[in-house]
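Here are my notes for someone opening this one up for the first time. Have the viewer ready and follow along point by point.

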Amino acid sequence: MIDEAVNLLRQGKLVAFPTETVYGLGADAANPAAIARIFAVKKRPADHPLIIHIANINELEHWAQNISPLAFKLAEKFWPGPLTLILKKQLHVLDLVTACQPTVGLRIPRHPIAQALLKNFGRGIAAPSANLFTHISPTTAQAVQEELGDQIDLILEGGACEVGLESTIIDLSQGEPVILRPGMITKSAIAETLGVTVKIAGEMPAIRTPGNHFLHYAPATATRVMNALQLDNFFHQLESNHPPFALIAHSQAYSVRATRDRLIILSDQANQYAHDLYQTLRSLDTGEYQQIIIEAVPLGEEWTAIRDRLFKASGSL
Ligand code: TXA
Ligand code: MG
């Protein structure tokens, strides 16, 4: 399978592959026609740059220049793993990949199939998440198959993704490190490794924030996040003939009465919750429910990336 995938990539075809975060839609990062096809298949606007996946830290200098020592510290600590570094790009990096920005996103994923693919291909693989623009990222091969299967040349099966949310993206191309997209590698873990303060974008609106399009990472079904008080009110005001809803909770405090409604209890541990979230949203996004309601998650730092994705899925907190 890996040999076939490598051959397809060499021919400029698209191969979906598992990473530990989510499934990626991969193409040869140096082949403009293949990159253009990624944007066409995803229906993604050209101003959203792609992450280049590499096999080995030695390849960093092929794609990036003026690399901050902080980047090497983070790479040594967290690679292979769910962290993307934004660095000043080498001039040969395609404008199609970087959306004409002077920077490039780079990551070494740790999923064994991603690693085998990258090692055997021997070059960088540009890969966004393997979903249509603004939809939820896929965390199983079946989700990729259902969403984009007829347009992809091969999907490598790698089981359910271990992390389940997209990588933490950190910009090291400016003076100070800035997290552009929170992920399961937290700000504190990064700050501790670097020994410097780290900001999260948002406080800095001038910076281009990944996924800042209205309703990114979103189900098609109307989705709302509710705190305990809002949930109490919701249940209180529920009429007996209400349209069916699905509730995703993480505490055991809730139950639904009508059989056409659905209750899913996810873990109260952030890692397990992250692992299950997208698959759960996908399974509920079938048109069967008029709305998906999500119990607000705790405020602790390990929940930051989850809160970010719930906000983007619902437009509310
Ligand atoms: O976990 C992940 O990061 C997954 C797996 C497949 O590696 N990939 C992923 O790619 O989530 P994508 O394209 O769905 O999201 C990447 C985000 C985009 O929002 C893009 O705008 C941002 O990264 N990005 C990429 N290159 C960038 C750059 N040079 N500067 C700022 N943002 C960048
Ligand atoms: Mg994406």
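1. A polar contact here is a pair of N or O atoms within 3.5 Å; within protein, one must be able to donate a hydrogen and the other to accept it, and residues adjacent in sequence count only if both atoms are side-chain atoms. With that in hand, start at the ligand: an oxygen atom of ligand 1 sits 2.6 Å from an N or O atom in the side chain of Ser167. For Arg181, the distance from a side-chain N or O atom to an oxygen atom of ligand 1 is 2.8 Å. Ser129 also has a polar side-chain atom 2.8 Å from an oxygen atom of ligand 1. On its own ligand 1 exposes 680 Å², and the protein buries 97% of that (accessible areas by the Shrake-Rupley method with a 1.4 Å probe; for residues, only the protein chains shown count as cover).

2. Some housekeeping. Residues are numbered from 1 along each chain as its sequence is written, while chains are lettered from A and ligands numbered from 1 in the order in which they are written. This is a predicted model, where local features need pLDDT of at least 70, side-chain atom pairs count only at pLDDT 80 or more, and totals for chains, interfaces and linings use all residues; side-chain values use heavy atoms, with hydrogens and water left out.

3. How many residues surround ligand 1? There are 24, and the closest are Thr21, His53, Ser129, Ser167 and Arg181 (near means one heavy atom of the residue within 4 Å). By class, the shell splits into 11 nonpolar, 9 polar and 4 charged residues (Ala, Val, Leu, Ile, Met, Phe, Trp, Tyr, Cys and Pro are nonpolar, Asp, Glu, Lys and Arg charged, the others, Gly among them, polar). E5 gives the largest share, 4 residues, and E3, E5 and strand E9 (178-181) each supply at least two. Helices (H or I, at least four residues) and strands (E, at least two) are DSSP runs, numbered from the N terminus.

4. Now the 10-stranded sheet: it is open, with mixed pairing, in the order E7-E1-E2-E6-E3-E5-E4-E8-E9-E10 (two strands pair if DSSP finds at least two bridges between them). Strands E7 (154-155) and E10 (199-200) are at the edges with a single partner strand each, so one side of each has no neighbour in the sheet. Strand E3 (residues 51-53) and strand E5 (residues 103-107) run parallel, joined by 3 bridges, and Ile51 has Gly105 as its bridge partner in E5.

5. Further along, E8 and E9 form a hairpin with 6 residues between them. They run antiparallel with 3 bridges, and Asp171 is partnered with Val178 in E9. E9 then runs parallel to E10 through 2 bridges, with Ile179 and Ile200 as bridge partners.

6. Two backbone spots to check. Trp79 and Pro80 are joined by a cis peptide bond, with omega about -10 degrees, and Pro80 lies in the loop between H4 and E4. Ala99 is not a glycine, yet has a positive phi of about 55 degrees; look for Ala99 in the loop between helix H5 (95-98) and E5.

7. E11 and strand E14 (residues 291-295) share 5 bridges, and Thr223 stands opposite Ile292 in E14.
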